[in-house]
Amino acid sequence: MKKRAPHEVLKDYTPEIPGKGISLLMRALIFFMNVPAPAKFVYNYDKKTLKGKPVLIVAAHASRDDYKYVLHGYRQANPNIITGYHSMLKPGLFQIMMKCGVIPKTLYEPCPSALKSILRLKKEGASFLLFPEGIQSMCGREHPLRPDTGKLVKKLGLDVVVATSRGAYLSCPRYNPKNARGKIVYTFDHVFTPKQLENLDPAEIERVLSNKLTYNDFLSNEKPRNRYRHAHGNASGLENLLIVCPLCKKEFTMKTEGRELICECGSRVRIGDDYSITPSAGKGEFPFARLDEWYDFQCEFIKKEALEEGFSLSYECEHNTFDMTSGSKTMKLRLGSGTLTLTREGLTYKGDDKETAYPPYSPPPPSCDSDTLQDGINLFFPIEKVPSAPFIGGHGNEFYFENCYHEFIITDDRRKAVKMLTAVESLYERKQNEKHNSI
């Protein structure tokens, strides 16, 4: 029997409530996965009150490992996880995640199929795990909740448990693919009952959730000074996140040497095991004590530039999407290579692509369509439809557009990835403000 292509599998995929067998297996695997870096769990409610009840777990997304710790810490239910296709379509995980009833969705775009699955499973008594920020923290602090989070929570009408963390980002920073060992604490709060949700509007629900999901790992660690030990030091990979020197105000002049971040202007700072910033002598007082303060300064610096008339940012890249025909080892398909350019109007990609991206659950376009791509491709993504271009660990950027996944892996200076992310978000915010003011 011919093996079915991933898009055929996904098209027929109907998420179900995880069975006891697969749930026990996953919890056993997660237990052993967490042994090298165990977390402490704190419960600010009587766990017995929710035993056997369907719940909605709303979790902060400080770390790429959050799902493992949240599932390990909350054992009163086996939730269906709501996640992006890009998290599901990974080698070795695709089939397992389907067995676990994962509900895939496109990121930052409406996804009727995901909502339909959620509402169907709710009627069947399911529990859910939701990360309403959408993406992992960039610098140890929360992202805004995705629009309509409050509406979904109210519509589900389940007991709501909020899971937050301290130290999760410091042990697993966005800019470093390797984990550090240190103190991690996950806290669970029973925030809403179904009865309470009946009397609240979506805006009030979001306000409460936003307050509960507020965190800043760098600020929280200022006094305890917990250490997070990384084999190569906590500066490793930091030049991909912090690209503006606060002393000379130049971009892309930073590089990492051992445990130090060094600028061409001569500025040197040492990043300690507790993420403290220690400047070298003789270069004047360094303006920041924490990495998140430095990142905030950088965001404002880039935002100011992005909002200026004539702004443009480009990089050379490889253009990839999901491999939904063969299910390759990486589950990524190389479409071509070219240039991605951001202006105030949007993103333009010009490349030598011979194929096009298509939604992960749809069949590929007819092969004859490739004839139209003999001279390459020219794609335009208007900024009002691209809320963000998530940072791929210092390698490039990714986003969904009209249900299609686009990944751009930088082939010139990978430090441009974080600037692209910040500039896209700034320009999208500008466009939304213009739209609001015109009403």
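This is a predicted model: local features need pLDDT of at least 70, side-chain atom pairs count only at pLDDT 80 or more; totals for chains, interfaces and linings use all residues.
Residues are numbered from 1 along each chain as its sequence is written, and side-chain values use heavy atoms, with hydrogens and water left out.

Let me begin with the chain as a whole. Its secondary structure comes to 13 helices and 17 strands, where helices (H or I, at least four residues) and strands (E, at least two) are DSSP runs numbered from the N terminus. The C-alpha trace spans about 65 × 60 × 50 Å along its principal axes. For 439 residues, a compact globule would have a radius of gyration near 22 Å, and the chain agrees with this, having 22 Å; the radius is taken over C-alpha atoms, and the globule rule is 2.2 Å times the number of residues to the power 0.38. Buried residues make up 53% of the 439 residues, and here buried means under 20% relative accessible area, exposed means over 50%, and partly exposed lies in between (1.4 Å probe, protein chains only). If we take contacts, meaning heavy atoms within 4.5 Å, between residues at least 6 apart in sequence, then 70% of them join residues at least 24 apart.

Now to the charges. The chain has 62 positive and 53 negative side chains, with Lys and Arg counted as positive and Asp and Glu as negative, and with His and the chain ends not counted. How many salt bridges are there? A salt bridge is a side-chain nitrogen of Lys or Arg within 4 Å of a carboxyl oxygen of Asp or Glu, and by this rule the count comes to 26.

One of them joins Lys 195 and Glu 198, whose closest N and O atoms are 3.7 Å apart. Because these two stand three residues apart in helix α9 (residues 194–198), about one helical turn separates them, and both are exposed.

Another salt bridge, at 3.9 Å from N to O, links Arg 225 with Asp 274. Arg 225 lies in the loop between α11 (217–220) and β8 (254–257) and Asp 274 in the loop between β10 (268–271) and β11 (277–279), so the pair ties together parts that are 49 residues apart in sequence. Arg 225 is partly exposed, with a relative accessible area of 37%, whereas Asp 274, at 13%, counts as buried.

Arg 415 and Asp 413 form a salt bridge too, with their closest N and O atoms 3.0 Å apart, and both of these residues are buried.

What, then, about a charged residue without such a partner? Arg 27, which has its place in helix α2 (residues 20–34), is buried yet has no salt bridge, and the nearest side chain of opposite charge, Asp 66, is 15 Å away. Leaving aside its neighbours within four places in sequence, Arg 27 is in contact with several residues, including Leu 71, Tyr 74 and Pro 79.

Finally, is Cys 111 buried or exposed? At 13% relative accessibility, Cys 111 counts as buried, and its place is the loop between β4 (103–105) and α6 (112–123). Apart from neighbours within four places in sequence, Cys 111 is in contact with Pro 104, Lys 105 and Thr 106. The C-alpha atoms of Cys 111 and Asn 403 are separated by 8.3 Å, although the two residues are 292 residues apart along the chain.

Definitions and conventions:
The place of a charge is taken as NZ of Lys, CZ of Arg, CG of Asp or CD of Glu.
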